[in-house]
Amino acid sequence: MREKELRFALICYGGISLAVYMHGITKEVWRLAAASRAFHDGTASSGSGAVYADLLAELAARSNVRLRVLADIVAGASAGGINGIFLARALATGQSLDPLTDLWLGSADVDKLIDPDARPLSAATKFWAVPIAGWMMKRRGNAIDRTVGAAAQDEVRAKLSRFVRARWFEPPFGGETFSNLLLDAFDAMEQGPRGPVLVPNGQPVDLFVSVTDFAGHSVPLALNSPARVSEDEHRLMLHFREDDRTGARLDDVPGLTAAARATASFPGAFPPFTLRELDRVLAKREIDWPNRDDFIRTQLPATGDGDPADRVLIDGSVLANAPFRPAIAALKQRPARREIDRRFVYIDPKPDYRSISFGRPAVTEEARLPGFLPTILGALSEIPREQPIRENVEAIEGMSRRIRRMQHIVDAMKVEVEEQVAALFGSTFFLDTPTVARLEKWRAKAQDQAAARAGFAYAPYGHLKLSAVIEELASLIDRLLPPEGAVHQAKRRMALWDEARARGLDRISGKKGAGASGDAIAFFRTHDLGFRIRRLRFLARELDTAVEATRDGRDPVCEDMRAAIFTALGLYLDRQGDAWLAGLDLPADAGPGDWIDAVAARRDLTAIDAQADGLIAAGLAAMPKDDRRTLLLAYLGYPFYDIATLPLLQGEGFDEYDPIKIDRISPSDATAIRTGGAAAMLKGIEFNSFGAFFSRAYRENDYLWGRLHGADRLIDIVASSVGGEKGLSAEELKALKRRAFHAILDEEEARLPKVAALIAELREEIG
């Protein structure tokens with residue numbers, strides 16, 4: 001069967017106490033990834049995982065495609081940032097998310113979050129606040145009467161009374177208390193069960209966590225005049241990565257704790273975060289932080305004055321509640337060894353619910369204006385968090401549009417390119433058995449002729465390729481030998497360009513203005529890794545769409561050819577990673593030319609070309625002659641396609657070569673059981689989204705709905721990856737969802753005693 005990957009870039013919004021709901025959803029994402037891994041390993045899954053495995057098996061039987069599902073990019077803010085951190089660690093390490101559930105249900109409680117110094121010392125504390133709290137809770141139609149079941153009302157009233165009588169005009173929740181709870185969560189995961197890693201070997205996991213730099217840091221801007229200015233930037237994106245190729249690991253638990261504590265420092269509820277706080281907590285727990293200096297260097301921008309440990313960080317949702325941008329940027333570095341269906345999946349816990357009323361339409365203009373408090377709260381909290389994601393969606397659609405346009409251009413060019421290649425080699429060349437020597441000769445001739453026949457179009461294409469190579473080298477050097485600052489980084493990059501010009505690369509075209517110059521050919525032969533990767537991806541696509549699509553069933557010859565393509569691709573992808581270049585023996589004062597030559601020698605692309613040619617030649621030799629001709633025309637014709645399409649892709653190219661789709665998971669979208677959105681199902685939306693901190697029953701309710709909604713939407717998303725006639729019908733999807741819902745209820749019934757009545761109702765509704 002063909003293998004295909006459904007990859008999630010998961011974006012987790014903020015939501016304060018709705019973090020418990022999002023934990024339920026991310027837990028289903030983790031279970032789906034685990035079920036996919038088990039399905040491919042031939043092992044069994046349980047609970048909702050067994051339903052996901054059956055879904056993958058049914059799709060494979062109908063479409064001849066074995067779908068592998070994984071999440072490899074996770075970005076989050078505030079409550080979503082916390083859930084994203086734990087999910088990314090579970091995906092990268094094989095740890096279980098199950099231990100976190102008991103911590104969320106038991107510890108995410110107002111009585112445990114309140115700072116010990118802020119707790120009321122006795123019933124008489126702030127005695128004058130008791131009548132106010134009592135009036136709020138007892139007046140007819142209050143929030144507790146409307147939303148809390150009779151069994152939980154006493155609990156909520158008692159906790160709300162203590163909360164109201166806690167200290168005022170200072171954050172009621174404890175920063176060190178929160179940090180300790182986070183460290184307890186990491187300990188629980190470490191001590192819990194562990195399964196296999198949930199991403200394929202060599203597949204990186206990127207984690208982005210948004211925080212807000214309260215004081216801001218200076219960012220330089222280049223203008224015409226004055227030449228250089230600076231402005232304060234308050235948005236800060238913390239980036240963690242697990243990557244076998246570079247040796248990066250998601251194992252800095254204190255650093256992850258710092259990110260989780262900072263991103264969820266909701267203004268007014270939690271005190272702002274500094275590393276001093278975490279240092280005190282770690283000291284009390286006798287935990288070392290060997291990577292502290294690295295965390296400061298890589299995650300906190302240098303300010304030039306003061307100790308970075310005093311940097312004040314607050315909630316990430318203040319300025320970036322939906323961190324799409326870093327996830328989009330991460331797409332440029334994703335390896336792909338098979339067909340990819342890339343999805344951006346974002347979790348929005350309350351898209352149809354606003355915590356604060358901004359005023360209702362009335363007869364007069366004055367009546368329509370929001371009041372004093374709604375205006376302040378909206379400006380400081382709600383409006384920044386509710387900013388639309390239209391620009392992010394448009395950016396993703398722009399990428400998809402360029403990819404679709406490229407595909408249309410390739411399709412339109414195909415006849416002409418095949419005619420050009422046939423004219424170059426003669427219509428019977430494909431009858432010759434491909435060998436390494438022949439492929440090398442054919443490739444060189446095709447590339448030379450494509451450049452020559454492109455005329456003046458080759459120069460901009462060649463400079464685009466040169467720019468991609470130089471910028472890739474600059475980024476590589478920055479990672480292997482971090483610069484001392486922005487100025488040093490800029491000077492080093494300019495030195496690389498000066499070296500390229502000194503090597504004659506300022507003129508890409510040959511003397512007659514057509515084709516590539518000898519200097520350019522030599523440089524690209526030793527450095528143009530991107531072209532080789534794009535060519536093999538193109539060949540894999542042709543195998544899928546032009547050869548295998550004509551088969552009625554499984555064809556071992558096609559499978560062998562695909563294995564040859566992706567084995568060859570792996571040779572190049574390995575050399576793209578930093579790990580391949582680790583330990584380059586270069587002095588600290590090495591010049592740009594030394595770096596260029598050392599990287600070329602370590603990668604040794606010409607030797608790898610011979611290995612790749614051997615793999616491709618063997619695969620082609622085993623194919624029927626018509627299919628061999630189709631693939632040879634694609635492989636040798638690729639230089640013609642690349643000259644036309646690389647400028648369209650702005651010189652970047654995409655490892656994942658298909659348009660990107662966007663899916664949302666929210667109470668408004670998961671309608672298989674109930675409709676009505678967050679207001680009809682979630683308890684945590686009350687008290688300006690702090691509701692679930694006041695009741696275990698609230699948290700059990702929201703966690704259960706999170707799992708159910710996650711299963712509902714994930715089944716839809718997975719099924720949509722294999723649509724059309726080979727997909728599942730609506731009735732078949734409903735049956736799978738019913739099984740998943742009952743499996744979740746069976747699994748959670750004993751753990752969720754406070755919502756036994758809800759579970760009984762749900763069993764009736766599900767049927």
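Predicted model: local features only at pLDDT ≥ 70, side-chain atom pairs only at ≥ 80, totals over all residues.

Of its 767 residues, 54% are buried. Now think about contacts between residues at least 6 apart in sequence: 79% of them join residues at least 24 apart.

**Colour by confidence**

Next, colour the chain by pLDDT. The average is 82, and 84% of the residues score at least 70. Select residues 121-137, where the pLDDT is below 50; beyond near neighbours in sequence, this stretch has 21 contacts in the model. Then select residues 356-367, where the pLDDT is also below 50 and the contacts beyond near neighbours in sequence number 18.

**Near the start of the chain**

Select Ile16, which you'll find in the loop between strand E1 (2-12) and helix H1 (19-41). What is the phi of Ile16? It is near 55 degrees, a positive value in a residue other than glycine. Most residues other than glycine have a negative phi, so it's worth a look. Is Ile16 buried or exposed? Its relative accessibility is 14%, so Ile16 counts as buried, the cut-off being under 20%.

**Two helix pairs**

Hide everything but helix H3 (residues 79-93) and helix H9 (residues 175-191). Their axes are 11 Å apart and they pack at an angle of about 20 degrees. That angle is under 35 degrees, so H3 and H9 are roughly parallel to each other. The crossing of this pair is right-handed. Show side chains to see the contact: H3 brings Ile82, Ile85, Phe86, Arg89 and Ala90, while H9 brings Phe178, Leu182, Ala185, Phe186, Met189 and Glu190.

Select Ile533 in helix H21 (residues 529-547). With 2% relative accessibility, Ile533 counts as buried.

Move on to Arg562 in helix H22 (residues 556-576). Arg562 is buried too, with a relative accessible area of 10%. Which residues does Arg562 touch, not counting those up to four places away in sequence? They are Arg2, Leu543, Asp544 and Glu548.

Go to Asp604, in the loop between helix H24 (592-603) and helix H25 (605-621). Its phi is near 50 degrees, again a positive value in a residue other than glycine. Asp604 is partly exposed, with a relative accessible area of 37%.

**Last stop: the cysteines**

Select Cys12 and then Cys558. Cys12 is buried, with a relative accessible area of 0%, and Cys558 is buried with a relative accessible area of 0% as well. How many disulfides does a search of the whole structure find? The count is zero.

Definitions and conventions
Residues numbered from 1 in each chain as written. Heavy atoms only, no water. Disulfide = S-S within 2.5 Å. Buried < 20%, exposed > 50% of the residue type's maximum accessible area, 1.4 Å probe, protein only. pLDDT = per-residue confidence, 0-100. Contact = heavy atoms within 4.5 Å. Helix = DSSP H or I, 4+ residues; strand = E, 2+ residues; numbered from the N terminus. Axes fitted to C-alpha atoms, helices over the stretch in contact; angles between N-to-C directions. Parallel < 35°, antiparallel > 145°, perpendicular 65-115°, else oblique. Left-handed = near helix turned anticlockwise from the far one by under 90°.
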